[in-house]
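The entries follow in the order in which I looked things up.

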Amino acid sequence: QVQLVESGGGVVAAGGSLSLSCAASGSISIITAMGWYRQSPGKQRELVAQITKRGTANYANYADSVKGRFTISRDSTKNTVYLQMSSLKPEDSAVYYCRSIINGETYWGQGTQVTVSS
């Protein structure tokens, strides 16, 4: 069984920074992608950022709304993905979920709340 454990999040004033991390554990053979989604009340869950492994290279993609403010990174030795968020805006407030494709299956973390006060 595979588990994703998230940490980070919290409350920050607009313009501030926060970091999230997500560690995968369990029976892991291959991780194809690791990333972050978010969902705020009344809205659909949306992609924030994702790193996808293709061959020996990793490719990152971001939602337009976070480009230039958020940075995703991955430590393959720790099966961990990070999301560094800066210049946060109130509209970034949401529950952030880690998502990973491991051994061909999709796994989700439990979610962590990020609240940006104006």
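Ground rules. This is a predicted model, and local features need pLDDT of at least 70, side-chain atom pairs count only at pLDDT 80 or more, and totals for chains, interfaces and linings use all residues. Residues are numbered from 1 along each chain as its sequence is written, and side-chain values use heavy atoms, with hydrogens and water left out.

Entry: pocket. I noted that the largest pocket holds about 170 Å³ of space. Its lining has 13 residues, and R38, S40, K43, E46 and E91 are those nearest the centre. A pocket here is an open set of points on a 1 Å grid over the protein atoms alone, where a 1.4 Å probe fits, with protein on both sides within 12 Å along at least five of seven lines; lining residues have an atom within 4 Å of a point. Grid points are joined across faces, edges and corners, and the volume is the space filled by probe spheres set on the points.

Entry: sheet. I looked up the strand order and found an open sheet of 4 strands, β1-β3-β8-β7, with antiparallel pairing. At the edges are β1 (2-8) and β7 (70-75), each of which pairs on one side only. From one strand to the next the twist averages 15 degrees. Strands are DSSP runs (E, at least two residues), numbered from the N terminus; two of them pair if DSSP finds at least two bridges between them. For the angles, axes are lines fitted to C-alpha atoms, and values run from 0 to 180 degrees between N-to-C directions. As background, strands of a sheet pair through backbone hydrogen bonds, either parallel or antiparallel.

Entry: pairings. I then went through the sheet pair by pair.
- β1 pairs with β3 (residues 18-26) in the antiparallel sense over 7 bridges, and S7 is opposite S21 in β3.
- β3 is joined to β8 (residues 80-85) by 6 bridges, again running antiparallel; S19 has Q84 in β8 as its bridge partner.
- β7 and β8 run antiparallel and are joined by 6 bridges. F70 stands opposite M85 in β8, and S73 stands opposite Y82 in β8.

Entry: positive phi. Most residues other than glycine have a negative phi. I listed three exceptions.
- N79 takes a positive phi near 50 degrees in the hairpin of β7 and β8, where 4 residues lie between the strands.
- S87, not a glycine, has a positive phi of about 50 degrees. S87 is in the loop between β8 and β9 and is partly exposed, at 41% relative accessible area.
- N103 has a positive phi near 55 degrees. N103 sits in the loop between β9 and β10 (105-108) and is partly exposed at 32%.

For burial I used relative accessible area: buried is under 20%, exposed is over 50%, and partly exposed is in between (1.4 Å probe, protein chains only).

Entry: buried residues. D92 lies in the loop between β8 and β9 (94-102). D92 counts as buried because its relative accessible area is 1%. Its side chain makes a polar contact of 2.9 Å with the side chain of R38, a residue I had already noted among those nearest the centre of the largest pocket. A polar contact is a pair of N or O atoms within 3.5 Å; within protein, one must be able to donate a hydrogen and the other to accept it, and residues adjacent in sequence count only if both atoms are side-chain atoms.

S100 lies in β9 and is buried at 0% relative accessibility. The S100 side chain reaches the backbone oxygen of A33 at 3.0 Å.

W36 is in β4 (residues 31-39), buried with a relative accessible area of 0%. From W36 to G8 I noted 13 Å, C-alpha to C-alpha, and 28 residues in sequence.

G111 is in the loop between β10 and β11 (112-117); at 17% relative accessibility G111 counts as buried. G111 and V5 are 106 residues apart along the chain, with 8.9 Å between their C-alpha atoms.
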